[in-house]
Each structure stands twice: as C-alpha cells, then as structure tokens.
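Subject: Handing over the model

Hi,

Here is the structure I promised to pass on.

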Amino acid sequence: MARSLTILAIVIAVATARLTKTESPKEILAQVNKDSFGNSILSVLQLQLATGGPVGEIQILLNNIASQLNGDQKKADKVHESDTVAFEKIIADLEQEIAYHQSQIVALSNLRDSTTEALGEAEAEVRVVTSDIANNEKSFADESATRQSQHETWVRKDAEHVDQMDAIDEASKIVQHLQAGVAFAQLKSRFEKVQAKLMESKHALFKPLINALTQLASKVDNKSIIKILELLAQIRQQLVASRASLLATEERQAANWEVQSSHLQEEHKRLVERKAFLENSIVQFKVTIQEAVEDLEDQTLFLEDAEDSLAIQERWAAEQEAQYEAQTFEREQQLEVVERLQEVLTQKLSAASEFLQIREEVF
C-alpha cells in the first residue's frame, strides 16, 4: 500500500510540472526532483531500483491511473453532453418565452394606442351627435309649432266659412220669404241679425250684398229680390270653393308634416341609438385601455424575469463550460505525464537508473 502511494505521488508530482515533448528523460526526472515531495519520492524509487524491486508494479499502477483518468474524462464528457442538451433546451425555452413576451408587448402597445385613438374619435363624435340631437329636437319643436299654428288657422278660417255660409243661407231664406209675400216687418229681426253678422266679417266679398240688403230693407221689390238671390248664390258658391281650397291646403300641410315628422323622428331615433352605441363603446375602450396598460406592466415584468433567467443560465453554462474545459485540460496534462513517465520507466529505464545514480552522486 505504501509503495502504491509512493508511486502515485510521483505521478502527481510530475503532473504539476510544465513539460514539453522535446524534454529528455533526465530533464523530466529533473523537473520531478525539483519538487521537495518529488525529491523524496525519487529517493524511494532510487532505493527500490537499488534493491532490485520490480518495475512492473509501477507500470501497472500507471496503467491503472491512465485508465482512471480516461474513465473520468468519459464520465465528464457524458455529463457535459447531458448538461449541454439540457442547457440548450432551457435556453430555447427562455428565448421562446422572451419572444412571446416581446410579441405580447408589441401587440398590447398597438392595442393601447389604437384604442386610445378610437376613444378620442368616439368622444369627438359623441359631442357632434349630441349637438345633432339638440338640433333635431329644436327642428321638431319648431316645425311642430308651425304645423299647430297652420292647423289652428285652418280651424278658425273653416269655422268662419261655416258661419258665413250659414249667414248666406239664412239671408237666402229671408229673401225667399219676402219674395213669397211675407211682410218685412215679420222678418226684420232675423234680417237685422243676418245683416249684422255679415257686416262683422268685414269681407270684401260681402260688401255688395250688404249694400243690396240695406236697400232692400227700405224698399222691397221683386227685381231687387232676384238680384240679391243671384248674388247670394254666387257668394255661397265662392265660399264653398274657398273652404274646399282651405281644406285641400290643410290636408296637404298635414301630409307634409306627417312625412317630415316621421323623418325627424327616425333621424332622432338613429342619433339617440348612435349616441348610446358610442357611449357604450367609450366605456369599453376605457376598460380595454386600462386592461392593456395593466397587461403591459405584467408582460414587461415577465420579460425582465425571463431575460434575467436567461442571463443567469448563460453565466452558469459559461462557468460549467470553463470548468469542464479546465478539468479536461488538467486530465490531458496528467495523461501526458503518465505516458511520458511510462516511457521513461519502460523504454529508457537505463536513463532513469543513470539519473538516480547521478542524483545520488550530485544531490
């Protein structure tokens, strides 16, 4: 056991030396001899060679060490390969996550900006629609008042025509009674009422009739009666025509108002519905903007976390890679030392013996 430890110490001492392939066996052993621990090991080796100890045991142990180093490197390679695959998977997932958060930030930013623009347009349109509703309601009120005034005028004039026609009819009856020989005195009261009624109207149409009736009151004659009856018939016919014309105008204005009011009401309904839609849209736009802002904050935090995780993983991977390369380099150096020491012990044993002999003489 002590001999094995001694031989292993030689290898370790040699491994710590900076060697090149151009160095001779003496130079190799000289470098080992420079180390205090190596010096003592070589002293043991010198003793073993001097007493005729088997060199084969040293060679077997060196072979075992080389095998162990190769085995350790294979294990390290396997772990490195596994770690690399796992790392690449983690990196790919993080990069995919980062890309997702970045795309979400772009999409949410666009949503926030476009919705903010739409909100401004909706608010501006609401103001316009509100003004249009007020104008529509004013137009409806004004046109309704105009129509009401037109109707009231027609009602008044139609009533006047009816009263005038009644007066004409009453006058015709009185004149017909006079024509039939009824004394004027018997009809005077009725005559005066009709005459007063016709005079109240102050219509130019009745002026010739009023004059004729006034003359008839002072002198009743058949010729005057006939003339008055003809005049009454003409006036009545004109009143009927005038009343019909007024009725036609009333019906036309009523029909026009029905169309106009229907249009105004439909327009009012459309404007009110549009305003309600815009107001609801404004509420939704504000909710969307608020949610987009909150989601943007979340996605920004998620992105920062993912980027931090990626940086940590990359640093870890770099450290692991550096450690793997350093350990691999160290094993390669150790294998090189073992191989060169084997060469010294197998192919150039005389040089080793010679060195040990010189060492005994010099050192």
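Below is what I found, starting with the ground rules and the overall picture.

This is a predicted model, so local features need a pLDDT of at least 70 and side-chain atom pairs count only at pLDDT 80 or more, while totals for chains, interfaces and linings use all residues. Residues are numbered from 1 along each chain as its sequence is written, and side-chain values use heavy atoms, with hydrogens and water left out.

**Confidence**

A word on pLDDT, which is the predictor's confidence in each residue, from 0 to 100. The average over the chain is 82, and 75% of the residues reach at least 70. Helix α1 (residues 2-15) has the lowest confidence, with a mean of 45, and α4 has the highest, at 92. Over residues 1-21 the pLDDT stays under 50, and the model has 38 contacts beyond four places in sequence for that stretch. (A contact means heavy atoms within 4.5 Å.)

**Overall picture**

The chain has eight helices and zero strands, so the order from the N terminus is simply α-α-α-α-α-α-α-α. Both kinds of element are DSSP runs numbered from the N terminus: helices are H or I with at least four residues, strands are E with at least two.

Of the 363 residues, 31% count as buried. The cut-offs are under 20% relative accessible area for buried, over 50% for exposed, and partly exposed in between, with a 1.4 Å probe and protein chains only. The accessible surface comes to about 22,600 Å², and 54% of that belongs to carbon and sulfur atoms. These areas come from the Shrake-Rupley method with a 1.4 Å probe; for residues, only the protein chains shown count as cover. Among the contacts with a separation of 6 or more, 83% are between residues 24 or more positions apart.

**The aromatic pair**

There is one aromatic pair in the structure. The ring centres of Phe140 and Trp257 are 5.5 Å apart and the planes sit at 45°, so this pair is tilted. For the criteria: rings of Phe, Tyr and Trp (its six-membered ring) pair if their centres lie within 6.5 Å, and planes under 30 degrees apart are stacked, over 60 edge-to-face, and the rest tilted.

**Salt bridges**

The structure holds 10 salt bridges, each a side-chain nitrogen of Lys or Arg within 4 Å of a carboxyl oxygen of Asp or Glu. Here are three of them:

- Asp142 and Lys138: the closest N and O atoms are 2.9 Å apart. These residues are four apart in helix α4, so about one helical turn separates them. Asp142 is partly exposed at 39% relative accessibility, and Lys138 is exposed at 52%.
- Arg156 and Glu160: the N to O distance is 3.3 Å. Both are in helix α4, again four residues apart, or about one turn. Arg156 is partly exposed at 44%, as is Glu160 at 34%.
- Arg190 and Glu170: the N to O distance is 2.8 Å. Arg190 belongs to helix α5 (residues 184-201) and Glu170 to helix α4, so this bridge ties together parts 20 residues apart in sequence. Arg190 is partly exposed at 31% and Glu170 is too, at 22%.

**The annotated stretch and Leu271**

UniProt lists residues 247-281 as "coiled-coil region" in an unreviewed entry. Its positions are given in the numbering used here, feature names are shortened, and annotations may be inferred rather than shown by experiment. In the model this span is 100% helix and 0% strand, and its end C-alpha atoms lie 50 Å apart.

Is Leu271 buried or exposed? At 4% relative accessibility, Leu271 counts as buried, and its place is in helix α7. Leaving aside residues up to four places away in sequence, Leu271 touches Val129, Asp132, Ile133 and Asn136. Leu271 and Thr130 are 141 residues apart in sequence, but 8.0 Å apart in space from C-alpha to C-alpha.

Cheers
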